[in-house]
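I opened this entry to record what I looked up in the structure. The notes follow in the order in which I made them.

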Amino acid sequence: MHQDLWVKAAAFAVAGKTGVVVTADALIIPREVGDLARRQLAEARGLSREAVYFSATHTHASLGGWEKASSPKRLRRIRAGVRQWFARQLTTAAVAAVDDLAPASLDHGRF
């Protein structure tokens, strides 16, 4: 292992609706990984697809090269099971954020 990869999440509950934003140190969040994580979150915490937002830092030094490439040199090959592992990491972070919801306030200002 060269360096840690981070997945972080923040959950928000407003007017009886809960949403979560999850970000990861990755090139992208592939659709199939996001879809799997969303299904896991629906089962674990009842979150709808619209209540979950995934984002990636878009680093070129992390997971990436998910799609089939015209040239094997262009994109790295992803080991079997990595997509499922990655979805579990996204799900774990989101569940932890939802489970840690606490009263908060939001304000803004300008100068």
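**Overall layout**

I counted two helices and three strands in the protein; helices (H or I, at least four residues) and strands (E, at least two) are DSSP runs, numbered from the N terminus. From the N terminus on, I read the order of elements as β-β-α-β-α. I noted that this is a predicted model, in which local features need pLDDT of at least 70 and side-chain atom pairs count only at pLDDT 80 or more, while totals for chains, interfaces and linings use all residues. Residues are numbered from 1 along each chain as its sequence is written, and side-chain values use heavy atoms, with hydrogens and water left out.

**Helix 1**

I found that helix 1 covers residues 31–45. Its buried residues (under 20% relative accessible area, 1.4 Å probe, protein chains only) are Val-33, Gly-34, Ala-37, Arg-38 and Leu-41. Seen down the helix axis, these buried residues fall within an arc of 130°, so they line one face of helix 1; the arc is that of the directions from the helix axis to the C-beta atoms. I asked which exposed residues (over 50%) the face turned away from the buried side carries. They are Arg-31, Arg-39 and Glu-43.

I then looked up the packing, where contact means heavy atoms within 4.5 Å. The buried residues of helix 1 pack against strand 3 (52–56) and helix 2 (82–99).

**Arg-38**

I checked Arg-38 in helix 1, which counts as buried because its relative accessibility is 18%. Not counting residues up to four places away in sequence, Arg-38 touches Arg-49, Val-52 and Phe-54.

Notes
Expected span 1.5 Å × (residues − 1).
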